Amino acid sequence: MAEVRARVELNVGQRSHIPAEIVSFEGLKDGEEHVALVFNGADKNQEVPLIRMHSECLTGDVFHSSRCDCGEQLNECIEEMHQHGGVLLYLRQEGRGIGLYNKIDAYVLQSQGMNTYEANNHLGFEDDLRNFSDAVLMLQALGLDHVKLMTNNPRKLNALRNAGIQVESVVGTQAHVKAGESGNRHYLATKVEHGSHMLDIDTINKPKSK
Ligand SMILES: Nc1nc2c(ncn2[C@@H]2O[C@H](COP(=O)(O)OP(=O)(O)OP(=O)(O)O)[C@@H](O)[C@H]2O)c(=O)[nH]1
Ligand SMILES: [Zn+2]
């Protein structure tokens, strides 16, 4: 069991124009400072709020790196939740759980020709070290057991369903394709082929059908 530690208002988004609340927790198990952003009081006002479990990506979320789509997904999610309400779980799972320095080592290998999963394996890590049990604790602490889930990753859906959270529907994020040699097309294609992500990279920056 986890519980809410503190909850306070702040404005977020690229122009700091979107009202939200940030929530911290007691009793999480990973030892990481995961937080939730709540939009429009959705945990209290909505029976089945939209949620997203966003894994931290410093290079994408903060620096908008061309190597991935994380920052664009984060902005898309914040805008969507501004419109419709929702709960964004920001999970401190940098590099799919291997950490920032290891991810940078993986980038070095990717620059030499490996794909994202091969690079992880070469460094001695599994494809994906994330588990979502703290995310489940956070949802439970917020009293959420019925949700709509924003993701393209079937592992996240399965993790919630296996933990007894009712996922009523899944909403995909857009394909945020960045062209060129330093772009993320290969990264996105690898996620589809190897990670079973439900992403149509030929829909470039258009909403997926839901
Ligand atoms: N190890 C490693 N991690 C990466 C790499 N690129 C991005 N990440 C991490 O991947 C995580 C995001 O996971 P993704 O697989 O892109 O997407 P997802 O969160 O599983 O799925 P969505 O919900 O659809 O976004 C973040 O923690 C990033 O830091 C990479 O090349 N190597
Ligand atoms: Zn990223």
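Q: Which residues does the UniProt annotation "binding site" cover?
A: According to the unreviewed UniProt entry, the "binding site" takes in Arg-52, Met-53, His-54, Ser-55, Glu-56, Gln-73, Glu-94, Gly-95, Arg-96, Thr-116, Thr-151 and Lys-156. They are spread over 105 residues of sequence and also spread in space, up to 22.6 Å between C-alpha atoms. UniProt positions are given in the numbering used here, feature names are shortened, and annotations may be inferred rather than shown by experiment.

Q: What kind of model is this, and how are residues numbered?
A: This is a predicted model, where local features need pLDDT of at least 70, side-chain atom pairs count only at pLDDT 80 or more, and totals for chains, interfaces and linings use all residues. Residues are numbered from 1 along each chain as its sequence is written, while chains are lettered from A and ligands numbered from 1 in the order in which they are written.

Q: What is the mean pLDDT of the protein chain?
A: pLDDT is the predictor's confidence in each residue, from 0 to 100. The chain's mean is 92, and 94% of its residues reach 70 or more. Residues 204-210 are another story, with pLDDT below 50.

Q: Why is Ser-55 called buried?
A: A residue is buried if 20 or more other C-beta atoms (placed from the backbone) lie within 10 Å of its own, exposed if 12 or fewer, and partly exposed in between. Ser-55 has 23 such atoms within 10 Å, so it counts as buried. You'll find Ser-55 in strand β4 (residues 50-55); strands are DSSP runs (E, at least two residues) and helices are too (H or I, at least four), numbered from the N terminus.

Q: What makes Glu-56 buried?
A: Glu-56 has 20 other C-beta atoms within 10 Å, so it is buried. Glu-56 sits in the loop between β4 and α2 (58-62). Leaving aside neighbours within four places in sequence, its contacts (C-beta atoms within 7 Å, placed from the backbone) include Asp-61, Tyr-90 and Glu-94.

Q: How do you know that the span of helix α3 agrees with what it should be?
A: The expected span is 1.5 Å times one less than the number of residues. For the 15 residues of α3 (residues 70-84) that comes to 21 Å, and the end C-alpha atoms are 21 Å apart, so the two agree. Among the buried residues of α3 is Gln-73, which is also in the "binding site" annotation from UniProt. Just after α3, Gly-85 takes a positive phi of about 80°.

Terms used:
Two residues are in contact if their C-beta atoms, placed from the backbone, lie within 7 Å.
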